[in-house]
Amino acid sequence: MQVAGVEIRVNHPVLALGSTDWLPVLELRGEAAVGCDTHVAIRVQAQVRLVKIRIFTDPLDEAPGPDPSFATVFEGPISLADGRLVIGDVMGVTRFVSLIGEGGRRQIRVAVDEPGWSAAAVDIFVGPRL
């Protein structure tokens with residue numbers, strides 16, 4: 001099921017997604033994405049064009065689903081304290097919030113059209129509670 005689709009202009013080349021809790025410092029170094037218990041940071045194309053973000057939740061019973069041609073840059077569990085997923089640039093200028101369901105730990109998979117600084121589309125799959 002696709003929960004939301006949004007296009008946002010980000011002012012910083014690092015997009016963060018995760019819990020409504022405080023965003024910890026996540027160092028990307030040479031990686032396309034890194035994660036912790038509550039958040040994922042992803043390199044994206046900033047200030048050039050809108051970044052297309054789609055959020056999908058389990059079960060995936062409706063087409064279309066996440067784009068199979070996208071490269072997975074992060075896969076693992078994160079905790080969504082209140083069941084909401086926050087997406088925005090790490091500067092806090094752009095922010096989008098989507099209610100996913102009940103709070104708790106969930107498996108998440110993040111895929112992008114082009115890993116690295118040129119990513120302009122992000123598919124986020126949020127699995128069931130763990």
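Predicted model: local features only at pLDDT ≥ 70, side-chain atom pairs only at ≥ 80, totals over all residues.

Analyst: Start with the largest pocket: its lining has 6 nonpolar, 7 polar and 3 charged residues. The volume of this pocket is about 210 Å³. Of its 16 lining residues, Ala16, Leu23, Val86, Asp89 and Arg95 are the closest to the centre. S2 and S7 are the elements that give two or more residues to the lining.

User: Which element gives the largest share of the lining of the largest pocket?

Analyst: S7 does, with 4 residues.

User: Why is arginine 29 called exposed?

Analyst: Its relative accessibility is 69%. Exposed means over 50%, so arginine 29 counts as exposed. Arginine 29 lies in the loop between strand S2 (14-18) and strand S3 (33-35). Its phi is positive, about 50 degrees, although arginine 29 is not a glycine.

User: What makes glutamine 47 exposed?

Analyst: The relative accessible area of glutamine 47 is 54%. The cut-off is over 50%, so glutamine 47 is exposed. Its place is the loop between strand S4 (39-43) and strand S5 (51-57). Glutamine 47 also has a positive phi, near 55 degrees, and is a residue other than glycine.

User: Why does valine 90 count as partly exposed?

Analyst: Valine 90 has 32% relative accessibility. Buried means under 20% and exposed over 50%, with partly exposed in between. Valine 90 therefore counts as partly exposed. This residue sits in the loop between strand S7 (84-89) and strand S8 (95-99).

User: Which residues form a nonpolar patch on the surface?

Analyst: Leu23, Val90, Met91 and Val93 do. Together they have about 340 Å² of accessible area.

Notes: Residues numbered from 1 in each chain as written. Heavy atoms only, no water. Buried < 20%, exposed > 50% of the residue type's maximum accessible area, 1.4 Å probe, protein only. Patch = residues over 30% accessible without salt bridge, like charges linked within 9 Å, V, L, I, M, F, W, Y side chains within 5 Å. Areas by Shrake-Rupley, 256 points an atom, 1.4 Å probe, with all protein chains shown as cover. Salt bridge = Lys/Arg side-chain N within 4 Å of Asp/Glu carboxyl O. 1 Å grid on protein atoms, 1.4 Å probe; cavity = no way out; pocket = protein on both sides within 12 Å on 5 of 7 lines; lining within 4 Å. Points joined across faces, edges and corners; volume = space filled by probe spheres on them. Nonpolar A, V, L, I, M, F, W, Y, C, P; charged D, E, K, R; others polar.
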